[in-house]
Amino acid sequence: MSAVQAMHRSILTLDTHVDIPWPDRGDFATGASSRCVDLPKMREGGMGAACLVAYVGQGPVSGAGHAAASAKALA
C-alpha cells in the first residue's frame with residue numbers, strides 16, 4: 001500500500017452532497033454501471049460517510065408547496 005493510500009485509509013472521507021435518482025431505482029446497495037455513486041463504489045473508494053440528497057422538483061413557493069416537497073422527499 002502506498003503512503004497516499006495509507007493516509008486515505010486513516011482519515012474520514014466524507015462526501016457532503018450525493019444526488020440520487022428519484023424515485024429510487026432500488027440498485028444503490030447492489031451497484032449499477034449507470035450510477036456515478038453507489039454503495040459498492042463508495043466502499044471500494046474508502047468512503048466513510050455521505051449525505052444523500054433526494055432532488056424533488058420545484059413546486060409552489062408556499063407552505064403547502066414546501067409540505068408537498070418535503071413529503072415527497074421523505075417518501
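The model is predicted. Three helices and two strands make up the secondary structure of the chain. Their order along the sequence is α-β-α-β-α. Strand E1 covers residues 14–20. Helix H2 runs over residues 39–44. Helix H3 takes in residues 63–74.

The overall dimensions were examined next. The C-alpha trace spans about 55 × 25 × 15 Å along its principal axes. The radius of gyration of the chain is 16 Å. Of the 75 residues, 15% count as buried.

Contacts were then sorted by sequence separation. Among contacts with a separation of 6 or more, 58% join residues 24 or more positions apart.

Several positions illustrate how the chain is laid out. Asp24 sits in the loop between strand E1 and helix H2. The relative accessibility of Asp24 is 47%, so this residue counts as partly exposed. Leu52 lies 28 residues from Asp24 in sequence. In space, the C-alpha atoms of Asp24 and Leu52 are 12 Å apart.

Pro40 belongs to helix H2. With a relative accessibility of 33%, Pro40 is partly exposed. Beyond its neighbours within four places in sequence, Pro40 is in contact with Phe28, Ala29, Thr30 and Gly31. Ala6 is 34 residues away from Pro40 along the chain. The C-alpha to C-alpha distance between Pro40 and Ala6 is 20 Å.

Gly63 is placed in helix H3. Gly63 counts as exposed, at 58% relative accessibility. The separation between Gly63 and Ser34 is 29 residues along the chain. Their C-alpha atoms are 36 Å apart.

Cysteine pairing was examined last. A disulfide is a covalent bond between the sulfur atoms of two cysteines. The search of the whole structure returned zero disulfides. For a pair to count, the two sulfur atoms must lie within 2.5 Å. The closest cysteine sulfur to that of Cys36 belongs to Cys51, and the distance is 18 Å. Cys36 and Cys51 are therefore too far apart for a bond. Cys51 is likewise in no disulfide, its nearest cysteine sulfur being that of Cys36 at 18 Å.

Cys36 is located in the loop between strand E1 and helix H2. Cys36 is exposed, with a relative accessible area of 76%. For Cys51, the relative accessible area is 40%, and the residue is partly exposed. His66 is 30 residues from Cys36 in sequence. The distance between the C-alpha atoms of Cys36 and His66 is 29 Å.

Note on methods:
Residues numbered from 1 in each chain as written. Predicted model: local features only at pLDDT ≥ 70, side-chain atom pairs only at ≥ 80, totals over all residues. Heavy atoms only, no water. Buried < 20%, exposed > 50% of the residue type's maximum accessible area, 1.4 Å probe, protein only. Helix = DSSP H or I, 4+ residues; strand = E, 2+ residues; numbered from the N terminus. Contact = heavy atoms within 4.5 Å. Rg over C-alpha atoms; globule rule 2.2 N^0.38 Å.
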